Amino acid sequence: MVRNTPEDMRDWIGMFPSTSFADDKCYFLPGFGNTCVFETKQGLVLFDFPIRQLARRTFNGVRSFTNKPVKYIIYSHGHFDHAFGYTPFLDEIKEKGWDMPEVIAHENCIKRFEKYNMLEKYHDWINKMQFASLRGRTEGAVVSAQETLQPTIILKGNEGFYDFKLGDVHFEIYHNKGETDDSVWLWVPEKKTICTGDLMVSSFPNVGNPYKVQRYPKNWALAMEKMMEKEAEYLIPGHGRMIEGKKEVRDALSITAEAMHFVHDEVVKRLNEGKWFEQIFHEMLEIFPAKLKENPHLREMYGCYRFAIHAVYRLYHGWYDSGNPTDLFPAKSDDIAREFLRITTEEKYLEHAESLYNEGKLQLALHLLDIIIKGSETERNAAFLEALNLKIKILKEKSKEESSFIAANIIDNAAMQIKEKLRELKKP
Ligand SMILES: [Zn+2]
């Protein structure tokens, strides 16, 4: 597996300088996520905003290159790190008395904004977990669903397409499902540039995010193949560094498509063989080809192969995934653990968990520790406290080994919560 360095992480969250490219009338503003701006004689076309906490930085970056007014805004999709950092741009428009720009997005983006309103508190809760390690860098909620800049030009249907000309530059916008059902990407033929949004994120695609709704691996591969036909020389991903050069762009798109086809087709094959999730998952881990595992374009910075297996399964299968009727209407896990503790003591389980830990079987040790943590009647007994401490130790070791930002945050967040619980228990 390709390891991530701190520098990779800084690149991924856009902490590197802005640049101009192509004919020096195209500007790449890295951020979380990236923004790309095209300057024409009649004004600017802007692709994506960063999170609102980084909006001022991106705005200043744009204004260090050009003073022209923004005429079009394109949302690659309606996620909080692509469609919310618009305030400084709107303030400027009001201040200068410019016309409001057109805002282009897919129709599902509008439905997404409605959903964000309905589920605002829920999304705040899960995003705080998913982005736990960035918490210090942003204040309050990562996004406010109340504040959206609504699209004015709307792509419809499954094969949505829209094109326009500004100055003497053509802009072609295509819709393909992938990370989301509202994703669009931009092709600018005169500049040989593709802006992909999160269809490319300098990482294994974020397909199968454990917190989020269904994503679309097969459509994702098809989007990559459609992009390849353009023979672009510059590719601006949703996150991370620009990809430059016809061959580099082609290689990045082609290996990403291959990974999506692979995970999709291999899970489908196993569904057709009548296999349940557990078997499919472990078989898939065994057949993950080195060619994909070691490719730098597919580093598991954010999403990962393991999540993608879930995504394909969930696309075609219901929630009953074990084939074991015990799991159909299960008892409460605390009650199950309590029954295990009636067979033998907490101390015995702890002893066994420690020996598993010493043998390097961290995951099995966690399962044993959970029997003590979930089943203990008195939370202040020594075995319970030791089980919590060992769980923290194991989670920290797992997190250190974990390359996916999302998986590492899930693990770290849980370790932090256990620490808080221990502090509570130590209070007299
Ligand atoms: Zn993003």
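Axes here are lines fitted to C-alpha atoms, for helices over the stretch in contact, with angles running from 0 to 180 degrees between N-to-C directions. Helices (H or I, at least four residues) and strands (E, at least two) are DSSP runs, numbered from the N terminus.

You're looking at a predicted model, where local features need pLDDT of at least 70, side-chain atom pairs count only at pLDDT 80 or more, and totals for chains, interfaces and linings use all residues. Residue numbers start from 1 along each chain as its sequence is written.

**Stop one: a helix pair.** Select 246–272, helix α7, and 305–316, helix α10: they pack at an angle of about 50°, axes 9 Å apart. Now show side chains: V263, H264, V267, V268 and L271 of α7 meet Y305, A308, I309, V312, Y313 and Y316 of α10, contact meaning C-beta atoms, placed from the backbone, within 7 Å.

**Stop two: a sheet.** Next, find the open, six-stranded sheet, ordered β8-β9-β10-β11-β12-β13 with mixed pairing; strands pair if DSSP finds at least two bridges between them. β8 (161–166) and β13 (243–244) are the edges, each with a single partner strand, so one side of each has no neighbour in the sheet. Select 169–175 for β9, which pairs antiparallel with β8 over six bridges. Zoom in on F164, and you'll find F171 of β9 opposite.

**Stop three: domains.** Colour 6–260 as domain 1 and 331–426 as domain 2; these bounds come from an automatic or database assignment. Their C-alpha centres lie 40 Å apart. Seven residues from domain 1 and five from domain 2 make the contact.

How values were computed. Contact = placed C-beta atoms within 7 Å.
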